[in-house]
There are 2 protein chains.
Amino acid sequence: MYPSQRIQTLFKIEKPIIQGGMVWVSGGKLSAAAANAGCLGLVGAGSMKPELLDHHLKKAISLTENKHAIGVNIPLLYKYVEEQIETSLRNGVRVFFTSAGSPKKYTKYLKEQGATVVHVCASPLLAHKCQDAGVDAVVCEGFEAGGHNGREEITTMCLIPEIKSTISIPIIAAGGIGCARSMAAAFCLGADAVQMGTRFLMTEESSAHDAYKELILNAKAGDTKLMMKKHIPVRLLKNHFFNEVSKLEDRCASKEELIHLLGKGRAKKGMLEGDVDDGELEIGQVSSLMTSIPSTKEMILNIENDYNELIKAFI
Amino acid sequence: MYPSQRIQTLFKIEKPIIQGGMVWVSGGKLSAAAANAGCLGLVGAGSMKPELLDHHLKKAISLTENKHAIGVNIPLLYKYVEEQIETSLRNGVRVFFTSAGSPKKYTKYLKEQGATVVHVCASPLLAHKCQDAGVDAVVCEGFEAGGHNGREEITTMCLIPEIKSTISIPIIAAGGIGCARSMAAAFCLGADAVQMGTRFLMTEESSAHDAYKELILNAKAGDTKLMMKKHIPVRLLKNHFFNEVSKLEDRCASKEELIHLLGKGRAKKGMLEGDVDDGELEIGQVSSLMTSIPSTKEMILNIENDYNELIKAFI
């Protein structure tokens, strides 16, 4: 049914599907739902304080029998990174997805603790560095992905075949994947598995605010854009805050002006608290394809059924 | 073998592969080679004077038995559009790919002349307008494509499934397609056929200058970028001219400054005449995957063989 079993074997999961770690969106409830649906569920640590991460990990583990299928995504750019790692290890988590930093920094230590380590990359060059650093797999994330993104603007369509031709560790494709069609496409491109963010955000169990989900339901093609390129590129949904960023960028504002406008806690404000005007709404380009907010279980079932139908055309 | 036969039926061709019309690159020789390899070959009219287009069409037709598989790509933004149309009709051409303008403008007239009409679009909204205008098929071109591009920056991965779910005419995917993997991926996304530009440019028969081909052979991921967004967005290979554009854009130069820098004939200078420093080098993101300059026939054979191998994984 699936052309590769490498990711299923690596994580002892049923399906080659990873629920992407998303700050303020993938807490204990969503990651447990993903694990219960046969996928790998990742708690998005983001800039969380260790106590809050501890709470979400305990919740995730308490809500699933598949404790091995609960992992953590830790972006290496916030100040609590090391405490987040120790908190995760103390909770028995042995699946670490790291991003936004060097794969060399923690891979060795984490492997010594018996963990499986995956690093997120947006270019073939970084994918090589990941393999050299000894990670078990890479997430290769295209330009169409939501949230923080690479500077090279390489799309999933171009990124995956190139990386596939040059590294040997398993590849998880991300960016633009939200239905059976794009999942099957990712496998053709050379991916062993897919990671979905936006599609998991649009489920009953995600902690994204209802007002935010509603906005995504109504999003049309072209309603997201990669912004803040002078600071850290991030794909945002168009809203009042987006327009403010856009105005600054239209007049070539400096990195400092962008950072000042962004301020603190804007993503939490928009995505968790539902201030969809002034909040920062990180989301993938695939948001224009979202037409429902099902349970995680139902969503996965639908994708799998559609996928099985779709691949019949090749038989 | 191929999941859809709609484009093969529409154009009476053997393979669901279109050689994209490229100014200064796809003249009579390349489009005849594409037709001879079982694909649809398009002479790229670009800003050509009618006499030069006449020369290339006559050459294409003289070099192939498959005269029905020779078409013309006419961007609707240059001054010779109507003469280009009449020249093509006089030469017996009945396959028209139009782009960069409204599909309403010439579709009715061309259909009355017995032609098959395809329009290029980069958004679901325009795809709808194309269907309403009565075209026979659409080329849906993602952000990763070379040359002129849409303002919405929608990638092939997101564009094709969305368009597939909303229109009923055949879909030709373009942007990021240059090998068996991406061709199979495009079919999964919902495309009936693929259009390739960069991959056909990198053949013996294309009239791209050798110095330009050499540069593409050495291109790495991230070496193209969508530029000139204030004028007409165009994906360019990095070179001296690219750096000049980049400098202007970094200081928010006006559209007029960009047009002034561009001047006249820069694409011809770079792509046909081989001035790879000061010329404008239009190319797709997939250029970093190009590792050879085979004959068109060999290239198509390789892709087809690889494709047949690849899809076995799904059986």
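User: I'd like to learn to read this structure, starting with helix H2 (residues 28-36) of chain A. How many of the 9 residues of this helix are buried?

Analyst: Good place to begin! Keep in mind that this is a predicted model. The way to judge burial is to count neighbours: a residue is buried if 20 or more other C-beta atoms lie within 10 Å of its own. Here 8 of the 9 residues of H2(A) are buried, so the helix is largely enclosed by the rest of the structure.

User: Which residues of H2(A) are buried?

Analyst: Gly28(A), Lys29(A), Leu30(A) and Ser31(A) are buried, along with Ala32(A), Ala33(A), Ala34(A) and Ala35(A).

User: And what do the buried residues of H2(A) pack against?

Analyst: Their partners in chain A include three strands, S1 (17-19), S2 (40-44) and S3 (70-75). The buried residues also pack against helices H3 (50-62), H9 (198-201) and H14 (296-311) of chain A. Just after H2(A), look for Gly38(A), which takes a positive phi of about 90°.

User: Let's follow H14(A). At what angle do the axes of H8(A) and H14(A) cross?

Analyst: When you look at two helices, check the distance between the axes and the angle. The axes of helix H8 (residues 180-189) of chain A and H14(A) come within 8 Å and cross at roughly 60°. The two helices are therefore oblique to each other, and H8(A) passes H14(A) in a right-handed crossing.

User: Which residues meet there?

Analyst: From H8(A) come Ala180(A), Arg181(A), Met183(A) and Ala184(A). They meet Ile303(A), Asp306(A), Tyr307(A), Leu310(A) and Ile311(A) in H14(A). By class, this contact has 7 nonpolar residues, no polar ones and 2 charged ones. A handy idea for reading helix contacts is that an α-helix has 3.6 residues a turn, so residues three or four places apart point the same way.

User: Now for the two chains together. How many residues does each chain bring to the contact?

Analyst: Chain B brings 38 residues and chain A brings 38 residues. On the side of chain B that touches chain A, helices H7 (156-164) and H8 (180-189) of chain B each supply at least two residues. H8(B) gives the most, with 6 residues. That side of chain B divides into 21 nonpolar, 10 polar and 7 charged residues.

User: How do H8(A) and H8(B) pack?

Analyst: Their axes are 8 Å apart, at an angle of about 170°. Angles over 145 degrees count as roughly antiparallel, and that makes H8(A) roughly antiparallel to H8(B). Among the residues making the contact are Arg181(A), Ala185(A) and Leu189(A) of H8(A), and Arg181(B), Ala185(B) and Leu189(B) of H8(B). The residues of this contact divide into 8 nonpolar, 2 polar and 2 charged.

How values were computed
Residues numbered from 1 in each chain as written. Chains lettered and ligands numbered in written order. Predicted model: local features only at pLDDT ≥ 70, side-chain atom pairs only at ≥ 80, totals over all residues. Contact = placed C-beta atoms within 7 Å. Helix = DSSP H or I, 4+ residues; strand = E, 2+ residues; numbered from the N terminus. Nonpolar A, V, L, I, M, F, W, Y, C, P; charged D, E, K, R; others polar. Buried ≥ 20, exposed ≤ 12 C-beta atoms within 10 Å, placed from the backbone. Axes fitted to C-alpha atoms, helices over the stretch in contact; angles between N-to-C directions. Parallel < 35°, antiparallel > 145°, perpendicular 65-115°, else oblique. Left-handed = near helix turned anticlockwise from the far one by under 90°.
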